[in-house]
Amino acid sequence: MPTAPLASGPRAADVLRPLLGTVLDALAAGGRARGGPLPAGGPEAVATRVADVLGDVLPDHGDPDALRALVQTLAEGAADPADPLCAAHLHCPPLAVAAAADLAASILNPSLDSWDQAPAAAALEAAVTRALAHTAGLADALVTTGGTESNQLALLLAREAHGTGVRLVCGAGAHHSLPRAAWLLGLPDPVVVPAPSGVLDPAALDKALTTLPGPLLVAATAGTTDTGLIDPLPEIAGLCAAHGARLHIDAAYGGGLLFSDRHRERLAGLEAAHTVTLDLHKLGWQPIAAGLLAVARPAELAVLHQRADYLNADDDTEAGFPDLLGRSLRTTRRPDVLKIAVTLRTLGRTGLGTLVDQVCARAREFAALVEAHPGFELYGRPVISTVLFRPAGADDDTVAAVRRRLLHEGRAVLGRARPDGRLWFKATLLNPHIRPDDLARLLKSAEEGTSV
Ligand SMILES: Cc1ncc(COP(=O)(O)O)c(C=O)c1O
């Protein structure tokens with residue numbers, strides 16, 4: 001058997017072109033076989049189909065059809081975020097141009113832990129991270145695998161700046177990765193400030209900051225996972241300044257509003273944070289992973305510095321080779337910045353802003369449909385692109401069962417949230433191509449699921 005061809009090198013395009021054709025055909029065939037937002041039959045049926053196609057994971061002799069077979073199986077068993085009825089999570093349909101750029105990243109395979117593995121990618125990352133940080137009103141940014149890693153890094157920087165006694169103070173709607181990071185980093189138990197209206201209450205925060213011993217790290221959220229609400233950032237920033245508390249803002253969801261002339265104002269106050277989590281695999285239409293942690297004080301990143309002679313020897317650094325190891329806690333690291341840079345340059349701020357405006361508008365329209373429907377109750381007007389609704393008069397068990405039935409039948413992918421103690425369906429609209437009749441179909445699915 002000939003040696004397996006490589007993805008780069010002089011003949012790579014000849015080898016890759018037919019393989020890409022195979023992949024695209026298999027994606028289409030799998031999507032047709034699925035015929036909806038999710039495979040029908042539930043977890044057991046999907047696992048059986050995967051096991052059947054997979055067979056022996058490591059056979060003695062390989063199968064040249066494996067690419068087609070497994071891609072098709074994965075597509076057939078996918079939750080397709082490009083399907084208008086797939087609307088549960090902050091799980092975006094990626095832009096074609098970003099996915100194409102990501103292929104180039106896979107082929108070139110630069111690794112951003114040393115300049116000699118990623119010369120141009122390193123320069124690109126430095127420029128793009130700074131520019132994105134400036135868009136948020138901060139100085140620099142690190143590329144991460146997403147909101148969770150960004151939040152962890154934010155807490156790590158707070159710990160290194162203020163010591164291991166720094167206590168996290170966050171609202172009840174904060175993402176679970178924040179208290180989890182406090183646990184991981186050995187910080188004191190976080191203080192969770194009640195948020196009965198869904199956002200951090202400035203009066204309750206003021207009380208907490210007045211009574212708790214420091215040092216304190218306040219984590220505000222711009223776009224909560226469950227409801228898409230934005231904490232009152234300017235008031236929170238003012239309180240942090242007054243009490244000498246550090247401020248982190250988790251804008252993993254809401255950060256995308258920065259691209260929109262119409263919605264950017266809602267993020268006023270972001271620039272007052274010490275650190276900001278951004279995540280372009282949510283409201284930025286990037287293939288996973290595309291996280292960032294923006295920092296106001298780049299000097300604080302010095303704590304991430306690491307010397308490993310094979311990657312950033314002192315004499316190489318002194319000779320002018322960039323020292324990249326301190327830009328992450330990871331060592332080998334993909335150039336996720338390439339797809340981000342391609343997207344920013346291809347669409348421009350206006351193009352991205354239009355996508356943001358579209359999903360926000362669709363959410364308002366969906367909320368209006370729910371409100372006008374006598375069989376449903378609306379939780380509240382959407383702030384970003386999340387709409388919570390529930391069948392009027394239904395109990396929580398019914399809401400949970402209907403959602404699972406829709407998943408099992410592969411008819412619609414709705415999320416769930418319990419913002420007020422009651423269980424609601426959650427529709428997170430991240431597909432800018434969704435049309436008004438798709439919204440009506442989404443509501444109809446929930447209605448039919450309820451009336452069975
Ligand atoms: C507000 C918020 N922060 C952080 C995260 C974690 O992001 P990731 O899943 O990219 O790690 C999420 C995920 O939904 C989120 O909604």
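**Exercise 1: a glycine and its contacts**

Leaving aside neighbours within four places in sequence, G147 is in contact with H175, S177, D250, A252, T277, D279 and G291; contact here means that two C-beta atoms, placed from the backbone, lie within 7 Å. Before going on, note that this is a predicted model, where local features need pLDDT of at least 70 and side-chain atom pairs count only at pLDDT 80 or more, while totals for chains, interfaces and linings use all residues. Residues are numbered from 1 along each chain as its sequence is written.

Task: Where is G147 found, and is G147 buried or exposed?

Solution. 
- Step 1. Find the element: G147 sits in helix 6. Helices (H or I, at least four residues) and strands (E, at least two) are DSSP runs, numbered from the N terminus.
- Step 2. Count neighbours: G147 is buried because it has 26 C-beta neighbours inside 10 Å. The cut-offs are 20 or more other C-beta atoms within 10 Å for buried, 12 or fewer for exposed, and partly exposed in between, with C-beta atoms placed from the backbone.

**Exercise 2: helix 6 end to end**

Task: Work out how many residues helix 6 has and what span it reaches.

Solution. 
- Step 1. Helix 6 has 16 residues.
- Step 2. From first C-alpha to last, helix 6 reaches 22 Å, close to the 22 Å expected at 1.5 Å a residue. That expected span is 1.5 Å times one less than the number of residues.
- Step 3. Look at the buried positions in helix 6: among them are E149, Q152, L155 and R159.
- Step 4. Step off the end: just after helix 6, G163 takes a positive phi of about 95°.

**Exercise 3: around the ligand**

Task: Which residues are closest to the ligand, and which helix gives the largest share of the shell?

Solution. 
- Step 1. The ligand is surrounded by 15 residues, and the closest are G146, G147, T148, T225 and A252. To be near, a residue needs its C-beta atom, placed from the backbone, within 6 Å.
- Step 2. Helix 6 (residues 147-162) supplies the largest share of this shell, three residues.
- Step 3. Sort the shell by class: three nonpolar, 10 polar and two charged residues. Ala, Val, Leu, Ile, Met, Phe, Trp, Tyr, Cys and Pro count as nonpolar, Asp, Glu, Lys and Arg as charged, and the others, Gly among them, as polar.

**Exercise 4: one annotated lysine and its loop**

Task: Find where K282 lies, then say what K282 touches.

Solution. 
- Step 1. Start with the record: an unreviewed UniProt entry places "modified residue: N6-(pyridoxal phosphate)lysine" at K282. UniProt positions follow the numbering used here, feature names are shortened, and annotations may be inferred rather than shown by experiment.
- Step 2. K282 lies in the loop between strand 6 (275-279) and strand 7 (291-295).
- Step 3. K282 counts as buried because 29 C-beta neighbours are inside 10 Å.
- Step 4. Not counting residues up to four places away in sequence, K282 touches L90, C92, A252, Y253 and G256.
- Step 5. Stay in the loop between strand 6 and strand 7, where W285 is also found. W285 is not a glycine, but has a positive phi of about 60°. W285 is buried, with 28 other C-beta atoms within 10 Å.
- Step 6. A289 is in that loop too, and the peptide bond from I288 to A289 is cis, with omega near 10°.
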